[in-house]
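Student: I have a new structure to read. Can you walk me through it, one feature at a time?

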Amino acid sequence: MHGRLKVKTSEEQAEAKRLEREQKLKLYQSATQTVFQKRQAGELDESVLELTSQILGANPDFATLWNCRREVLQQLEAQKSPEELAALVKTELGFLESCLRVNPKSYGTWHHRCWLLGRLPEPNWARELELCARFLEVDERNFHCWDYRRFVAAQAPVPPAEELAFTDSLITRNFSNYSSWHYRSCLLPQLHPQPDSGPQGRLPEDVLLKELELVQNAFFTDPNDQSAWFYHRWLLGRADPQDALRCLHVSRDEACLTVSFSRPVLVGSGTETLLLIVDKSPLAVEWRTPDGRTRPSHVWLCDLPAASLNDQLPQHTFRVIWTAGDAQKECVLLKGRQEGWCRDSATDEQLFRCELSVEKSTVLQSELESCKELQELEPENKWCLLTIILLMRALDPLLYEKETLQYFQTLKAVDPMRAAYLDDLRSKFLLENSVLKMEYAEVRVLHLGHKDLTVLCHLEQLLLVTHLDLSHNRLRALPPALAALRCLEVLQANDNAIESLDGVTSLPRLQELSLCNNRLRQSTLLQPLASCPRLALLHLQGNPLCQAVGTSEHLAELLPSVNSILT
Amino acid sequence: MADSLPTEFDVVIIGTGLPESILAAACSRSGQRVLHLDSRSYYGGNWASFSFSGLLSWLKEYQQNSDIVEESTASWQGLIHETEEAITLRKKDESIQHTEVFCYASQDMDDNIEETDALQKNTSSVTSSTTTKPLDSACLSEETHSLYATDHELPAKGTPKSDGEISLEVTDVEDTLAKEKYCGDKTCIHTVSDGDKDENKPIEEDNTDQPKRNKITYSQIVKESRRFNIDLVSKLLYSQGLLIDLLIKSNVSRYAEFKNVTRILAFREGKVEQVPCSRADVFNSKELTMVEKRILMKFLTFCLDYEQHPDQYQAFVQCSFSEYLQTKKLTPNLQHFVLHSIAMTESSCSTIDGLKATKNFLRCLGRFGNTPFLFPLYGQGEIPQCFCRMCAVFGGIYCLRHKVQCLVVDKESGRCKAIIDHLGQRINAKYFIVEDSYLSEETCSNIQYKQISRAVLITDQSILKADSDQQISILVVPPVESGTCAVRVTELCSSTMTCMKDTYLVHLTCSSSKTAREDLELVVKKLFTPFTETEIDKEELTKPRLLWALYFNMRDSSGISRSSYNGLPSNVYVCSGPDCGLGNEHAVKQAETLFQEIFPNEEFCPPPPNPEDIIFDGDDKQPEAPGTNNIIMAKLDSSDEVKT
């Protein structure tokens with residue numbers, strides 16, 4: 001029939017396709033085999049390059065073959081003239097590019113290119129930058145290419161300002177680009193190095209304000225895009241606080257010195273070195289953690305020999321030097337006193353504002369205002385809610401306490417998937433606030449009852465607390481870190497959901513412990529209490545273990561020194 | 001040549017506009033023998049694009065058209081048998097009216113440009129779509145191989161020689177057009193003449209105080225005539241629209257190249273501004289406040305799946321869209337953007353229609369770029385030709401400048417059985433597809449046609465200057481007073497291959513209430529200022545200057561029901577000319593509907609088979625492209641030389 005095409009039927013097509021695939025597979029397998037044989041035989045010549053390029057051209061993710069190629073190229077480098085080598089490199093670069101076009105996210109290919117460029121005597125970085133620009137044009141979020149670009153920019157070297165302009169152009173096209181935001185966070189501190197010794201990564205205020213505007217544009221345009229919020233957090237955040245010794249406490253009764261650090265450390269031979277100088281002469285001591293486990297901890301303590309504590313002298317001076325952290329602290333034990341301490345106050349140091357920054361509060365205040373504006377438009381945006389909470393904490397944790405708690409409630413409602421995380425975060429903030437209030441009141445009593453706490457943290461801050469009330473919360477454990485509370489005398493933890501007591505161990509001054517209405521099932525769980533020498537009163541009413549037969553006897557056996565156990 | 005035409009076909013199609021061309025491709029693709037005729041010397045009918053001089057010749061033709069005296073019908077009357085009757089077709093095209101031309105550019109003819117009449121030249125060759133492929137153009141076809149080895153030679157064969165009877169040779173019409181016309185208090189000169197009157201006027205070039213602007217003279221425009229591809233109908237392709245889908249599905253897209261429209265503009269408070277419509281636009285906008293950004297994004301996001309949130313609009317279904325927008329906290333500028341630039345609706349349109357239009361706009365965003373529209377390089381006129389080419393590849397036969405005298409109807413069956421062409425040849429077929437403008441007054445006597453008002457402007461600057469001067473923009477100017485229509489403005493830059501360097505081609509379109517000039521002049525005055533030799537005050541300078549302008553009205557035969565035509569046999573199908581809308585949905589829908597009506601069991605423009613799946617005859621080692629022997633194809637040459 002005129003003009004009508006005869007076309008293969010679908011079965012014929014399928015059959016033709018199947019045969020073609022079979023053929024391809026055969027070729028692929030035989031080539032792979034030949035390469036491996038040659039490699040084993042040490043025949044690393046150009047034929048291997050040819051064979052591997054056939055396979056890698058189709059499947060650039062065959063890492064072993066890239067290794068083969070590197071071996072061959074290394075071998076050839078020794079044998080070939082510079083002209084021949086230049087030609088070889090040129091083909092290799094061309095081949096790599098063709099592989100990248102097959103798979104622009106091939107780890108092996110990008111790595112091979114890095115390797116090759118690194119070996120060239122005169123690499124053409126401009127060409128490489130151009131290549132990156134082309135691949136990012138196709139996919140602006142290809143982090144493999146971003147990675148390679150950072151490598152090239154560092155080698156070339158490209159001025160950070162140019163690279164920053166490049167990130168600008170890609171963010172303009174599509175701001176959902178973690179790589180691009182991240183690159184900015186690396187480039188900006190390079191472009192604006194801060195002379196003062198402040199924490200690394202801070203920006204001058206004018207730069208910071210410009211960045212904040214940019215990122216606000218992003219989250220006002222699409223508040224559900226996480227990349228912008230993360231960059232926002234980086235802008236307002238600050239680096240880790242400097243290493244410091246937060247607190248030093250010495251007790252005559254227990255003949256013990258306790259140190260609290262700004263971060264968990266592992267003290268011991270071969271790790272952190274801690275020097276103790278008592279009355280100007282060094283003293284060799286054994287350091288241990290309060291719970292007895294050798295692992296990084298905020299708190300370390302040591303036993304003191306009687307000689308350094310005798311009551312003859314008007315005072316004893318204890319100086320602890322943390323060599324790695326380049327920090328030290330001194331405390332004095334006066335004659336006739338049971339204990340002495342020296343502590344950085346959480347209120348002075350604004351210790352708990354470290355989530356978000358030390359920037360000027362005007363900047364934070366205006367950020368808070370725009371976030372609140374956004375929240376009014378997007379009442380259910382979790383990123384916005386969370387940022388508001390963080391900003392409020394950075395500004396004034398106590399002033400905004402009530403408001404913060406309301407935002408937590410909204411946040412939990414809109415993001416039920418993260419309810420547990422939010423509960424923990426809230427607990428942390430409440431605990432921080434309580435610590436602040438306690439310190440302002442200059443007392444050693446901490447009330448944390450009726451706060452819906454789900455987790456205990458910052459316990460290393462509570463080194464000096466004597467009375468702690470944890471009742472009516474949702475705690476499920478008294479964690480090992482609780483053992484840091486060396487001065488604790490009375491602990492109330494009624495009406496929780498406590499199942500384990502790992503932290504109530506070796507508390508030298510603990511006398512009274514209330515654990516009514518919890519979920520303690522077996523008397524063996526109380527084993528840690530045996531290590532508390534002064535424990536005299538224990539309330540256990542309303543726990544499952546009270547129902548069991550023989551509990552009282554068992555407990556009396558387990559805790560012989562406790563005078564009164566109420567079940 | 002013409003007597004070599006076969007006399008038996010399945011389908012005869014008269015008119016090469018977009019719906020007819022799509023139908024031709026569809027019929028030929030499904031194995032029908034197709035004869036595709038056009039009485040004009042160019043493809044596309046009212047969908048065509050012209051070089052500058054081609055457009056001038058087209059204008060002349062319409063001028064001449066009105067002078068044609070009805071010929072006697074006797075020449076073919078004798079060919080009708082007794083059992084038959086004839087339905088006469090229209091002799092002259094009346095779909096274009098009220099053409100008015102104004103030239104503002106300096107008419108110094110110092111370099112003595114010879115005006116060439118492009119309509120007369122037939123160095124036709126359709127260049128392959130693979131020859132030029134600018135990097136930034138949105139190319140729909142991913143495959144680059146040609147279906148047939150002989151593809152490239154295909155269209156050049158057998159160009160019909162011009163024969164006296166239907167010759168469009170325009171000889172002595174200059175005088176009729178070369179008269180002066182008064183427009184307000186300015187003297188506008190019709191430009192078709194080789195006016196040598198301004199020959200001695202010195203060119204002012206030492207205007208150092210003024211910002212330097214390239215001065216384009218009329219002679220330059222004429223000299224660069226071939227750089228222009230001026231569309232008669234100004235349309236864009238929705239990037240998720242029916243036409244794009246069809247182009248991709250049928251693989252016709254390989255014959256064309258596209259560019260994404262770069263800007264959506266708005267005209268508000270006397271100023272042109274850019275409308276942020278994509279996510280990236282909103283993010284980058286310097287004009288919007290943060291809160292506006294959020295409100296706009298929120299509203300647009302809602303529109304994308306508005307059907308899922310009936311609670312948000314249910315109460316407003318009785319209201320107009322503009323009233324509804326007022327309830328959505330959108331600031332006045334945002335309301336304007338959504339109503340006129342995104343939904344592009346009249347203020348009176350209903351909430352649901354507005355939401356639908358907005359959703360459609362948003363759905364199209366991001367497929368090929370940051371705006372929802374594509375523009376075909378070398379002009380809209382390329383598109384019908386692409387479909388014709390597909391038809392020809394599958395064996396369709398083409399004949400331009402081929403008039404059809406009448407349709408022959410069998411009295412007994414009431415069905416049309418043949419046509420009689422201008423040579424008196426009888427060509428038989430089963431189905432006949434006729435474009436509306438070919439139908440006689442008698443056939444259309446019951447029909448009230450709508451009209452489209454069009455203006456074509458050549459200007460020296462963009463209506464909104466930006467970093468890049470290569471912008472393709474679309475702007476809707478809302479009606480000044482109620483009762484008038486919104487005017488759609490499309491501004492094309494030279495990289496769209498529709499105008500010469502340093503100029504812009506601006507199309508204005510609205511549905512007519514008066515003549516095109518009366519409908520559109522006000523908007524033209526708002527946006528542009530006429531070119532004058534002496535520079536006026538600086539404020540005026542900020543507006544782009546008009547170098548040349550054309551106004552005309554085009555008949556809008558869309559939306560006319562088949563039953564309104566008198567006495568058409570059931571196997572005669574009517575295609576309409578261009579409609580006023582922005583997209584090509586109407587034409588595609590019409591073509592598909594008619595095709596399904598004619599061939600209910602055939603697939604509409606299926607993808608062509610892979611070349612390797614085609615079975616060739618065993619003896620014939622050389623693959624033979626079907627139909628190449630018989631193809632008679634001509635093409636308006638205007639743009640070809642530019643392309644190669």
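## A residue between the chains

Tutor: Start with A:Q216. Leaving aside residues up to four places away in sequence, A:Q216 touches A:E367, A:S370 and B:M290. Keep in mind that this is a predicted model.

Student: In which element does A:Q216 lie?

Tutor: A:Q216 lies in helix α10 of chain A.

Student: Is A:Q216 buried or exposed?

Tutor: Compare its relative accessible area with the cut-off: buried means under 20%. A:Q216 has 9%, so A:Q216 is buried.

Student: Now the whole chain. What do I look at in chain A?

Tutor: Begin with the elements. Chain A has 17 helices and 15 strands. Its radius of gyration is 33 Å, while the globule rule gives 24 Å for 567 residues. The value is well over the rule, so chain A is more spread out than a compact globule. Along the principal axes, the C-alpha atoms of chain A fill a box of roughly 105 × 60 × 60 Å.

Student: What share of chain A is buried?

Tutor: Of its 567 residues, 49% are buried. The chain exposes about 27500 Å², and carbon and sulfur atoms supply 51% of that. Look at contacts too. Among those in chain A with a separation of 6 or more, 57% are between residues 24 or more positions apart.

Student: How many helices and strands does chain B have?

Tutor: Chain B has 16 helices and 25 strands. Of its 644 residues, 60% count as buried. The accessible surface of chain B is about 25900 Å², with 47% belonging to carbon and sulfur atoms. For contacts in chain B between residues at least 6 apart in sequence, 77% join residues at least 24 apart.

Student: How do I read a single helix?

Tutor: First the general idea. An α-helix has 3.6 residues a turn, so residues three or four places apart point the same way. Now take α15 of chain A, residues 401-414. This helix has 14 residues and reaches 20 Å from its first C-alpha to its last, close to the 20 Å expected.

Student: Which residues of α15(A) are buried?

Tutor: A:E401, A:T404, A:Y407, A:F408 and A:L411 are buried. They cover an arc of only 115 degrees around the axis, which puts them on the same side of α15(A).

Student: Which exposed residues does the face turned away from the buried side of α15(A) carry?

Tutor: That face carries A:K402, A:Q409 and A:A413.

Student: What covers the buried residues of α15(A)?

Tutor: The cover includes α13 (361-377), α14 (382-395) and α16 (419-441) of chain A.

Student: Let me try another helix. Which residues of α11(A) are buried?

Tutor: This helix spans residues 226-236 of chain A. Its buried residues are A:S227, A:A228, A:W229, A:Y231, A:H232, A:L235 and A:L236. What covers them includes α9 (178-191), α10 (205-221), α13 and α14 of chain A.

Student: What about a nonpolar core?

Tutor: In soluble globular proteins, nonpolar side chains tend to be buried together. Here the largest nonpolar core has 100 residues. B:F52, B:W58, B:F299, B:F321, B:L508, B:L527 and B:W548 touch the most other members. Strand β24 of chain B, residues 545-556, gives the largest share of this core, eight residues. Apart from this core lies another, of 87 residues, including A:W115, A:A153, A:L164 and A:F175.

Student: Which residues does B:F52 touch?

Tutor: Not counting residues up to four places away in sequence, B:F52 touches B:Y218, B:I221, B:V222, B:S225, B:F228, B:I230, B:I458 and B:W548.

Student: Where should I look along the backbone?

Tutor: Look at the angles. A cis peptide bond joins A:A156 and A:P157, with omega about -20 degrees. A:P157 sits in the loop between α7 (143-155) and α8 (160-173) of chain A.

Student: What is the phi of A:H450?

Tutor: A:H450 has a positive phi of about 55 degrees, although it is not a glycine. A:H450 is in the loop between β10 (445-447) and β11 (467-469) of chain A. With a relative accessible area of 62%, A:H450 is exposed.

Student: Where is B:M344 found?

Tutor: B:M344 is in the loop between α10 (332-342) and α11 (351-364) of chain B. B:M344 is not a glycine, yet has a positive phi of about 50 degrees. At 22% relative accessibility, B:M344 counts as partly exposed.

How values were computed. Residues numbered from 1 in each chain as written. Chains lettered and ligands numbered in written order. Predicted model: local features only at pLDDT ≥ 70, side-chain atom pairs only at ≥ 80, totals over all residues. Heavy atoms only, no water. Core = buried A, V, L, I, M, F, W, Y, C linked by side-chain atoms within 4.5 Å. Buried < 20%, exposed > 50% of the residue type's maximum accessible area, 1.4 Å probe, protein only. Helix = DSSP H or I, 4+ residues; strand = E, 2+ residues; numbered from the N terminus. Contact = heavy atoms within 4.5 Å. Areas by Shrake-Rupley, 256 points an atom, 1.4 Å probe, with all protein chains shown as cover. Expected span 1.5 Å × (residues − 1). Arc of directions from axis to C-beta. Rg over C-alpha atoms; globule rule 2.2 N^0.38 Å.
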